[in-house]
Amino acid sequence: MRWDDRGLVPAIVQDAISKEVLMMAYMNKDALDKTNETGETWFWSRSRGELWHKGATSGHVQRVKSLHYDCDADTLLLKVIPQGPACHTGKYTCFHNEVEIKENASSGQADDSSKPAGVSDGDRFAILGKLETIVAERDAERPEGAYTTYLFEKGVDKILKKVGEETAEVIIAAKNRDNEELRYETSDLIFHLLVLLRDRKLPLDEVLSELNRRHIQKPAGEFK
């Protein structure tokens, strides 16, 4: 690593499942060594002048899945499985304050206010990524009264029960040739599957990669 004149480098922490950026802190060599030794994130506090273990007091530790450095070897990226909120405020990510970006009037791009939130023209599946992030937030923050909080706190058996129920309702809607109901129940099923993937710490990206692998390896008509 190319440490700065204080012996530090910035360390960006990313949720390995949702891909959301959780926080940024600083590491020195000792913090990096402790992170490698323990498999959990350690940083250097510039204000206190000491090492600190993320989650040591709150229990919200971050289990490191992979560690990367950039092309200049002066910044670290840690992909983690968070065991709770990353932010001291109780928020899932420290970057929860969003700044509104206004459209450039000279760009000629019209504002399509009728477009669903989170969906862009370039990515018709963007809502899945947005929903995966929201599910991750609920898992970390556990807001009182939220349905997703209820599912996580009840555990995998309850989540599986809901997946089974929604699957049955999709089948019934299709059998009844009711496309409106089918659309509604399929949405419920996809949501509960995302909750299940989060509970099992399996990124949606891995499911998409599996689909892509099958597409590449299998001849047309033999996808499964």
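**Entry 1: the hairpin.** I began with β1 and β2, which form a hairpin with five residues between them, and I noted that K19 in the turn has a positive phi of about 75°. Strands here are DSSP runs of E of at least two residues, helices are runs of H or I of at least four, and both are numbered from the N terminus. β1 (residues 9-15) pairs with β2 in the antiparallel sense over six bridges, where pairing requires that DSSP finds at least two bridges between the strands. I looked up V13 and found that its bridge partner in β2 is M23. Strand β2 (residues 21-27) is mostly covered, with five of its seven residues buried; buried means under 20% relative accessible area, exposed over 50%, and partly exposed in between (1.4 Å probe, protein chains only).

**Entry 2: basis and confidence.** I am reading a predicted model, in which local features need pLDDT of at least 70 and side-chain atom pairs count only at pLDDT 80 or more, while totals for chains, interfaces and linings use all residues. Residues are numbered from 1 along each chain as its sequence is written, and side-chain values use heavy atoms, with hydrogens and water left out. The chain averages a pLDDT of 90, and 88% of the residues score at least 70; pLDDT is the predictor's confidence in each residue, from 0 to 100. Over residues 108-121 pLDDT stays under 50. Where pLDDT is low, the predicted coordinates should not be read in detail.

**Entry 3: the core.** I then looked up the largest nonpolar core, which has 18 residues, and V13, M23 and F43 are among those with the most contacts inside it. β2 gives the most to this core, with four residues. Such a core is a set of buried Ala, Val, Leu, Ile, Met, Phe, Trp, Tyr and Cys residues joined through side-chain atoms within 4.5 Å. Leaving aside neighbours within four places in sequence, M23 is in contact (heavy atoms within 4.5 Å) with residues including V13, F43 and W52.

**Entry 4: rings.** A search of the whole structure finds three aromatic pairs. F43 and W52 form a tilted one, at 5.1 Å centre to centre with 40° between the planes. Rings of Phe, Tyr and Trp (its six-membered ring) pair if their centres lie within 6.5 Å, and planes under 30 degrees apart count as stacked, over 60 as edge-to-face and the rest as tilted. F43 is buried, with a relative accessible area of 0%, whereas W52 is partly exposed, at 24%. I also noted that Y147, Y150 and F191 form one aromatic cluster.
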